[in-house]
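Subject: Structure handover and notes

Dear colleague,

I am passing on the structure below, together with some notes on what was found in it. Please read the notes with the model open beside them.

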Amino acid sequence: MRKIGILTSGGDAPGMNAAIRAAVRSALYYDMQIVGIERGYEGLIDGTFRDMDLASVGDILHRGGTVLKTARSERFMTEEGQNTAIRNLKNAGIEGLICCGGDGTFRGALDLEKKGVAVIGIPATIDNDMGYTDYTIGFDTAVNTVLDAISMIRDTSSSHERTTIIEVMGRECGDIALYAGLTGGADAILIPELEFSLGELADKLVKGMERGKNHSVIIKAEGVDIGTKELQQKLSEMTALDIRTVTLAYLQRGGAPSASDRMLATLTANTAAKCFYNDISGVAVGRTNGNIVTTPLKDAVGIKREANLAMLPLIDMLSR
Ligand code: F6P
């Protein structure tokens, strides 16, 4: 291929810039031109393209967010939007497109592939909800951000002898809650993949305090089917404990990417550029058992991550 494009789409994730940098510099190394598409599939429809050179990705490796901007595109869900996007790609002479984002981004890429566009997916979302890869770009940084927050919240919770419910992101996948909860020493973790008993939770909190704990931390993923405020109210009534809530929200999507996210971004983006150079497309790049591998895009789309429920008994065992 002589000319490829790259876009970032969906929720931003720390490490997207590292992926853009690696894709651009790898493509140029392989003597291909590379174009950056702004605001994901929106920019594909609007034709907001810019030529990328070595300097255009200088000083971005360590920055959160995405210099190409991102969006969730309603227009791209329509036949008309997709046809306009394909016309724009053809007019610009772009022969292959790297799509960096989560499952929604990959679905968009698959739509393009079905219409004859050569595409490659790179997994980037803090949620870690893509089952075809061990990890997604941004997840590790988000977990570390939550860990920092837990440490700070512990200081005040323990001073005031309070229980704090920390709501983290994850609509359908509880991985941020699981990983941050286990490594942050949470007393309970609530995830969308598993129902929990309010009575047992209340009991556990009270028994902990009776044993001499002076504060407790509950990590709750946003997708759990009880609102955080409602949970606070119910637990307060059931236990008479002083319970506060913190919603970390977009804080988890910002910040400098961790070494692990930069590594995953760099290796997957380099592989994507190398695939196009070798005329390979229609794949999603990911990491399986530590190795960077490609999976047919159609097989990667829609594969949900199985929650690692084996972690939950550990929480009970260790948070005493
Ligand atoms: O990027 C994934 C995610 O962070 C989810 O966990 C969250 O529910 C969602 O994005 C919120 O995204 P936005 O408000 O930007 O649409």
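The buried residues of helix 3 pack against helix 2 (40-46), strand 3 (49-52), strand 4 (96-101) and helix 4 (103-114), where a contact means heavy atoms within 4.5 Å. Helices (H or I, at least four residues) and strands (E, at least two) are DSSP runs, numbered from the N terminus. Before going further, please note that this is a predicted model, in which local features need pLDDT of at least 70 and side-chain atom pairs count only at pLDDT 80 or more, while totals for chains, interfaces and linings use all residues. Residues are numbered from 1 along each chain as its sequence is written, and side-chain values use heavy atoms, with hydrogens and water left out.

The buried residues of helix 3 are Gly81, Gln82, Thr84, Ala85, Ile86, Asn88 and Leu89; buried means under 20% relative accessible area, exposed over 50%, and partly exposed in between, with a 1.4 Å probe and protein chains only. Helix 3 itself covers residues 79-91, 13 residues in total, and reaches 18 Å from its first C-alpha to its last, close to the expected 18 Å, the expected span being 1.5 Å times one less than the number of residues. Just after helix 3, Gly93 takes a positive phi of about 75°.

Turning to the aromatic side chains, the count comes to 7 aromatic pairs, under a rule by which rings of Phe, Tyr and Trp (its six-membered ring) pair if their centres lie within 6.5 Å, with planes under 30 degrees apart counted as stacked, over 60 as edge-to-face and the rest as tilted. One of these pairs is formed by Phe106 and Tyr132, which is tilted, at 5.9 Å centre to centre and 40° between the planes. Because Phe106 lies in helix 4 and Tyr132 in the loop between strand 5 (118-123) and helix 5 (139-160), the pair ties together parts that are 26 residues apart in sequence, and both Phe106 and Tyr132 are buried.

Tyr135 and Tyr179 form an edge-to-face pair, at 6.4 Å centre to centre and 80° between the planes. This pair links distant parts of the chain, with Tyr135 in the loop between strand 5 and helix 5 and Tyr179 in helix 6 (residues 175-183), 44 residues apart. Tyr135 is partly exposed, with a relative accessible area of 30%, and Tyr179 is partly exposed as well, at 22%. Finally, Tyr29, Tyr30 and Tyr277 form one aromatic cluster.
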